[in-house]
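The following paragraphs go through the contacts between chains of one assembly. Please keep the sequence and the model in view while reading.

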Amino acid sequence: MYMAKVVGSVVATQKDESLVGRKLMIVQPINSEMDPVRTEEVAADTVGAGIGELVLLVRGAGARKTQNEGTHTRDVVDSAIVGIIDRFDK
Amino acid sequence: MYMAKVVGSVVATQKDESLVGRKLMIVQPINSEMDPVRTEEVAADTVGAGIGELVLLVRGAGARKTQNEGTHTRDVVDSAIVGIIDRFDK
Amino acid sequence: MYMAKVVGSVVATQKDESLVGRKLMIVQPINSEMDPVRTEEVAADTVGAGIGELVLLVRGAGARKTQNEGTHTRDVVDSAIVGIIDRFDK
Amino acid sequence: MYMAKVVGSVVATQKDESLVGRKLMIVQPINSEMDPVRTEEVAADTVGAGIGELVLLVRGAGARKTQNEGTHTRDVVDSAIVGIIDRFDK
Amino acid sequence: MYMAKVVGSVVATQKDESLVGRKLMIVQPINSEMDPVRTEEVAADTVGAGIGELVLLVRGAGARKTQNEGTHTRDVVDSAIVGIIDRFDK
């Protein structure tokens, strides 16, 4: 899993049917010093995350096993926001 | 998922049967500032994307679960274009 | 698998149900010289690792096959701590 | 998928049984300008590619779904050559 | 798949049960010029590789499909040594 900051969202009218009605957020991976690492990606929001919030990301098949999975029998998603980070303990 | 720009296509006569009849596009991943990031890759188009368009990419098993999946019982594809990006909201 | 050092933990109240009750540790991948490599990530602890310990990480579907898998019928986790490293032999 | 150039092959006598009889080629990923990108890897050839040819690579589970899959009930391969590139259209 | 050199091993007493009795080797990925590339990782040995040998690595689900898979009904491994490289032909 990765820590990331939500920086925006993507608007796409023409898309795979399994993406209809889902919030596709632009996320910037960060480290625990809040520095950006690697490059932005796009993740399906499953926990109601808003722009500016710190979130927990999963990639790959795990992103198709989120709590609203039952509503998607076919799903192309390969990245999902699965938690909102309150704080880091170090 | 990743944001990318379609920059070309690949012509391959000799290929796995599951790739016959599919559009294999060369895509350059970008960030939301439109800067190129990482390196070009090749993705199967499933939404009718053309050269110059901004698209949403999925990688891995998700790329084998697109809306035309029913037509491919065996599929080697590991990257697919699953949406055309209209705009970024930031 | 990767070698990593546990550097902290993530507190997230709002999260996917499959993450409730699990310890989500911030880990810094390292090499066998103990130098940090790549960037921090977040892994579910399955062996009782504490901050400062060197651990063995798995990523992807393997992270959903740990010894306490039976307790999670649906699991979004894509990274897990699966061992505590005593030493490197070189 | 990735574009790559075949630069050699690997000879390994002692190996997993699922690799016996397969051509294991060393491939250098490239971009559409023919510049090398990232680092060499090893891919199972499934289309008769020779040294110097430009090829299409798949990684992960897709590499275990190639047209000769029927001959391998158990397969460790995680990268395969699935096409020979004739040209790029840009 | 990747070419790598075995540089050591990891000793871990406390670990997932599926790792008990397995040789966990530290491997440094290399290219065909024998230059180190990327960073060290840890792979389960399935072919009797020793320190200093050049080996073939698989990652992901392929690493759980090796010839001794029958002995592990549950397996967290995401990287395995599946061959010993005799030479490169270029």
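**Contacts between the chains**

Where chain E meets chain C, 29 residues of chain E and 26 residues of chain C make the contact. The model is a predicted one. Chain E and chain C together bury about 2,300 Å², and carbon and sulfur atoms account for 54% of it. Polar contacts do occur: 13 residue pairs between chain E and chain C are counted, with both residues at pLDDT 80 or more.

On the side of chain E that touches chain C, the elements giving two or more residues are strand 1 (2–11), strand 2 (14–15), strand 3 (24–30) and strand 4 (41–45) of chain E. Strand 1 of chain E provides the largest share of that side, with 5 residues. Sorted by class, the side of chain E that touches chain C holds 13 nonpolar, 6 polar and 10 charged residues.

Strand pairing also crosses from one chain to the other. Strand 2 of chain E pairs with strand 6 (residues 79–84) of chain C through 2 bridges, in the antiparallel sense. In this pairing, Lys15(E) in strand 2 of chain E lies opposite Gly83(C).

How is chain E related to chain C? Chain E is superposed on chain C by a rotation of 72° with 0.0 Å of shift along the axis, at an RMSD of 0.0 Å. This is the relation of a five-fold axis. The surfaces that the two copies use are different, since 3% of the contact residues of chain E recur in chain C.

Chain D and chain B form another contact, described here from the side of chain D. In it, 26 residues of chain D touch 29 residues of chain B. The area buried between chain D and chain B is about 2,300 Å², of which 54% is on carbon and sulfur atoms.

Strand 1 (2–11), strand 5 (54–59), strand 6 (79–84) and strand 7 (87–89) of chain D are the elements that give two or more residues to the side touching chain B. That side of chain D is made up of 12 nonpolar, 6 polar and 8 charged residues.

Here too, strands pair between chains. Strand 7 of chain D and strand 1 (residues 2–11) of chain B run antiparallel and are joined by 3 bridges. One of the partners is Phe88(D) in strand 7 of chain D, which is bridged to Val10(B).

A rotation of 72°, with 0.0 Å of shift along its axis, places chain D on chain B with an RMSD of 0.0 Å. The copies meet through different surfaces, because only 4% of the interface residues of chain D are also interface residues in chain B.

Some pairs of chains make no contact. Chain A does not touch chain D, and the nearest C-alpha atoms of the two are 11 Å apart. Chain A and chain E do not touch either, their nearest C-alpha atoms being 11 Å apart.

How values were computed
Residues are numbered from 1 along each chain as its sequence is written. Chains are lettered from A and ligands numbered from 1 in the order in which they are written. This is a predicted model: local features need pLDDT of at least 70, side-chain atom pairs count only at pLDDT 80 or more; totals for chains, interfaces and linings use all residues. Side-chain values use heavy atoms; hydrogens and water are left out. Copies are superposed by least squares on the C-alpha atoms of residues with pLDDT of at least 70 in both. Contact means heavy atoms within 4.5 Å. Buried area is the accessible area (1.4 Å probe) that two parts lose on being put together, summed over both. Helices (H or I, at least four residues) and strands (E, at least two) are DSSP runs, numbered from the N terminus. Ala, Val, Leu, Ile, Met, Phe, Trp, Tyr, Cys and Pro count as nonpolar, Asp, Glu, Lys and Arg as charged, and the others, Gly among them, as polar. Two strands pair if DSSP finds at least two bridges between them. A polar contact is a pair of N or O atoms within 3.5 Å; within protein, one must be able to donate a hydrogen and the other to accept it, and residues adjacent in sequence count only if both atoms are side-chain atoms.
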